[in-house]
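Have a look at the model, try each task, then read through the solution.

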Amino acid sequence: MSLQRFINQAISPWMNEEGPDSDIVLSSRIRLARNLKDIVFPTLASSEDFQNVINTLNETVSKHNDQDIGNLEIIKMDEMESIERRVLVEKHLISPNLEASEHGAVILSENEEISIMINEEDHVRIQCLVPGLQLSKALQLANKLDDWIEENVDYAYDEKRGYLTSCPTNVGTGLRASVMMHLPALVLTNQINRIIPAINQLGLVVRGIYGEGSEAQGNIFQISNQITLGKSEQDIVLDLGSVVAQVITQERAAREMLLKSSNIQLEDKVWRSYGVLANSRIIQSKEAAQCLSDLRLGIDLGYITNIPRSILNELMILTQPGFLQQFAGKRLTPDERDIRRAMLIRERLKLEKNNAGE
């Protein structure tokens with residue numbers, strides 16, 4: 001399979017789109033946690049309970065006819081190879097918990113903006129992903145799906161506590177809102193060490209690219225809410241959006257400061273990273289992520305003009321272990337993945353040059 005064809009088939013269509021503040025905000029996500037009434041929650045459920053949930057959701061999906069949402073397809077975890085599951089995690093379409101489940105399933109839309117995880121920590125987790133800073137759009141889509149499902153099933157709900165979930169931290173709205181941000185200038189100026197504690201004090205949490213427990217590789221940070229009880233969905237989204245807007249302002253100010261005080265050093269850093277990516281024969285994931293971050297910053301600042309901004313989103317996913325092995329068509333050792341990663345990046349940059357007519 002050619003690299004271009006693999007990219008076209010592998011990358012979620014929404015990833016190639018740009019939204020508001022796309023120079024800093026890669027994506028916005030809304031996730032709603034729900035459980036079905038009168039069925040044991042996943043933490044104590046039996047195989048029969050899990051199957052009942054899948055059957056119920058599958059039947060509900062078959063009734064769907066909303067043209068705005070498009071076709072939805074259900075995929076069971078036990079029908080997938082381990083590498084295929086890993087790819088879905090790397091695309092942020094399922095969680096590592098669902099990847100490890102033999103009783104789970106996921107419902108995906110054609111453009112992969114919609115991912116409904118079944119039998120993860122809760123019976124149903126509705127997730128909507130959109131490019132740029134568009135939390136309200138993602139919430140509107142998630143609520144539309146939530147209302148549609150609730151027309152066909154009974155949720156576990158308490159008048160005082162709200163939606164009941166396996167983890168107490170999700171009780172209430174069951175809403176997790178998050179924004180993925182590229183913050184290289186705040187890292188370079190060491191301001192990020194001051195900003196993260198300040199964000200945490202506001203009831204928000206800052207994590208790495210793959211959520212809880214993951215490292216912020218490539219200067220990509222995920223900011224999300226912690227509180228779901230006692231606040232409305234709209235207030236959660238507004239509060240998060242307000243903090244993100246402040247971080248965007250500070251990142252842009254840090255970039256301007258670097259341009260004025262260290263322009264030639266910054267340009268040198270960008271082009272050195274480009275040279276590593278364009279010529280390396282072996283590259284580990286951490287080094288690749290850092291160089292891709294520098295490349296993206298160089299594109300945003302106008303140092304590099306012949307490569308699209310979306311290349312960071314694309315290559316941060318394509319160079320993950322699952323994708324590398326899917327592209328190779330076989331399992332790879334860590335050393336083989338480092339060689340394959342370097343080759344894929346070289347070919348991708350060469351492809352972009354050819355497309356630009358250089």
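**Exercise 1.** Find out what the buried residues of H3 pack against.

*Solution.* Start with helix H3, residues 82–90, where the buried residues are Ile-83, Arg-85, Val-87, Leu-88, Val-89 and Glu-90. Buried here means under 20% relative accessible area, exposed means over 50%, and partly exposed is in between, using a 1.4 Å probe and protein chains only. Helices (H or I, at least four residues) and strands (E, at least two) are DSSP runs, numbered from the N terminus. Now look at the partners: these buried residues pack against helix H4 (96–99), strand S3 (105–109), H11 and H12. Finish just after H3, where His-92 takes a positive phi of about 65°.

Before going on, keep in mind that this is a predicted model, in which local features need pLDDT of at least 70 and side-chain atom pairs count only at pLDDT 80 or more, while totals for chains, interfaces and linings use all residues. Residues are numbered from 1 along each chain as its sequence is written, and side-chain values use heavy atoms, with hydrogens and water left out.

**Exercise 2.** Work out which residues of H9 are buried and which are exposed.

*Solution.* First, get the helix: H9 runs over residues 263–279. Its 17 residues reach 24 Å from the first C-alpha to the last, close to the 24 Å expected at 1.5 Å a residue (the expected span is 1.5 Å times one less than the number of residues). Next, pick out the buried ones: Leu-266, Val-270, Ser-273, Tyr-274 and Leu-277. They sit on the same side of H9 because they cover an arc of only 105° around the axis, taking the directions from the helix axis to the C-beta atoms. Then turn to the other side of H9, where Ile-264, Arg-272 and Asn-279 are exposed.

**Exercise 3.** Which residues touch the most other members of the largest nonpolar core?

*Solution.* A nonpolar core is a set of buried Ala, Val, Leu, Ile, Met, Phe, Trp, Tyr and Cys residues joined through side-chain atoms within 4.5 Å. The largest one has 94 residues, and Ile-30, Ile-126, Met-181, Val-247 and Leu-295 touch the most other members. Helix H8 (residues 233–261) gives the most to this core, with nine residues.

Zoom in on Ile-126, in strand S5 (residues 124–131). Ile-126 counts as buried because its relative accessible area is 0%.

**Exercise 4.** At what angle do H10 and H11 pack?

*Solution.* Take helix H10 (residues 285–300) and helix H11 (residues 311–318): their axes are 9 Å apart, at an angle of about 170°. Axes are lines fitted to C-alpha atoms, for helices over the stretch in contact, and angles run from 0 to 180 degrees between N-to-C directions. So H10 is roughly antiparallel to H11 (under 35 degrees is roughly parallel, over 145 roughly antiparallel, 65 to 115 roughly perpendicular, and the rest oblique). Residues that meet here include Leu-292 and Leu-295 in H10 and Leu-312 and Leu-315 in H11.

**Exercise 5.** Is Asp-38 buried or exposed?

*Solution.* Go to the loop between strand S1 (25–34) and helix H2 (47–62), where Asp-38 lies. Asp-38 counts as exposed because its relative accessibility is 74%. Also check the backbone: Asp-38 has a positive phi of about 70° although it is not a glycine.

Terms used. Contact means heavy atoms within 4.5 Å.
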